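Reader: Before I take any label in this model at face value, I would like to see the value and the definition behind each one. Could you go through them with me?

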Amino acid sequence: MGAVMHLDVDEAARFWPIYSEYDAELSSLNKLRIANIQEYAANYDRMTDAKADELIQRALDYRKQRSDLLGKYYGRVKESLGPIQAARFVQIEDQLLMLIDLQITSSLPIIGQGS
């Protein structure tokens with residue numbers, strides 16, 4: 001993040017505390033994702049329609065919460081550094097999150113038929 005934000009000293013002093021708060025909230029949110037993936041793995045061989053629906057609803061809720069969190073911090077960065085730096089933050093963070101998502105989802109088996 002730091003390498004591509006191109007922040008001067010003053011901007012960095014304003015950005016990094018905001019980013020640290022964002023990262024802490026994202027880490028808490030990611031615990032929900034981890035728990036959901038663990039439950040998926042635990043139920044993979046005996047997946048039911050109800051469990052599949054529950055897991056997907058949780059995954060979609062996680063994505064919404066993560067998107068809302070990024071929007072919240074876009075606003076905070078915009079107030080502190082302006083719209084261009086805030087847009088850069090969102091673009092970079094979104095790219096990083098997509099790479100992480102791809103790594104995670106590509107390692108998970110596609111759901112089989114439930115019982």
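Reader: Why is H6 counted as exposed?
Author: H6 has a relative accessibility of 58%, and exposed means over 50% relative accessible area, with buried under 20% and partly exposed in between (1.4 Å probe, protein chains only), so H6 counts as exposed. This is a predicted model, in which local features need pLDDT of at least 70, side-chain atom pairs count only at pLDDT 80 or more, and totals for chains, interfaces and linings use all residues. Residues are numbered from 1 along each chain as its sequence is written, and side-chain values use heavy atoms, with hydrogens and water left out.

Reader: What is noted about the phi of H6, and where is H6 found?
Author: H6 is not a glycine, yet its phi is positive, at about 55 degrees, and H6 sits in the loop between helix 1 (2-5) and helix 2. Most residues other than glycine have a negative phi.

Reader: What makes helix 2 roughly antiparallel to helix 3?
Author: Helix 2 (residues 9-43) and helix 3 (residues 49-81) pack at about 180 degrees, with axes 10 Å apart. Angles over 145 degrees count as roughly antiparallel, under 35 as roughly parallel, 65 to 115 as roughly perpendicular and the rest as oblique, so helix 2 is roughly antiparallel to helix 3. Their contact has 15 nonpolar, 5 polar and 12 charged residues.

Reader: Which helix gives the largest share of the lining of the largest pocket?
Author: Helix 3 does, with 11 residues, out of a lining of 24 residues in which N36, L55, I56, A59 and L108 lie nearest the centre.

Methods:
Axes are lines fitted to C-alpha atoms, for helices over the stretch in contact, and angles run from 0 to 180 degrees between N-to-C directions. Helices (H or I, at least four residues) and strands (E, at least two) are DSSP runs, numbered from the N terminus. Ala, Val, Leu, Ile, Met, Phe, Trp, Tyr, Cys and Pro count as nonpolar, Asp, Glu, Lys and Arg as charged, and the others, Gly among them, as polar. On a 1 Å grid over the protein atoms alone, a cavity is a set of points where a 1.4 Å probe fits but cannot get out, and a pocket is an open set with protein on both sides within 12 Å along at least five of seven lines; lining residues have an atom within 4 Å of a point.
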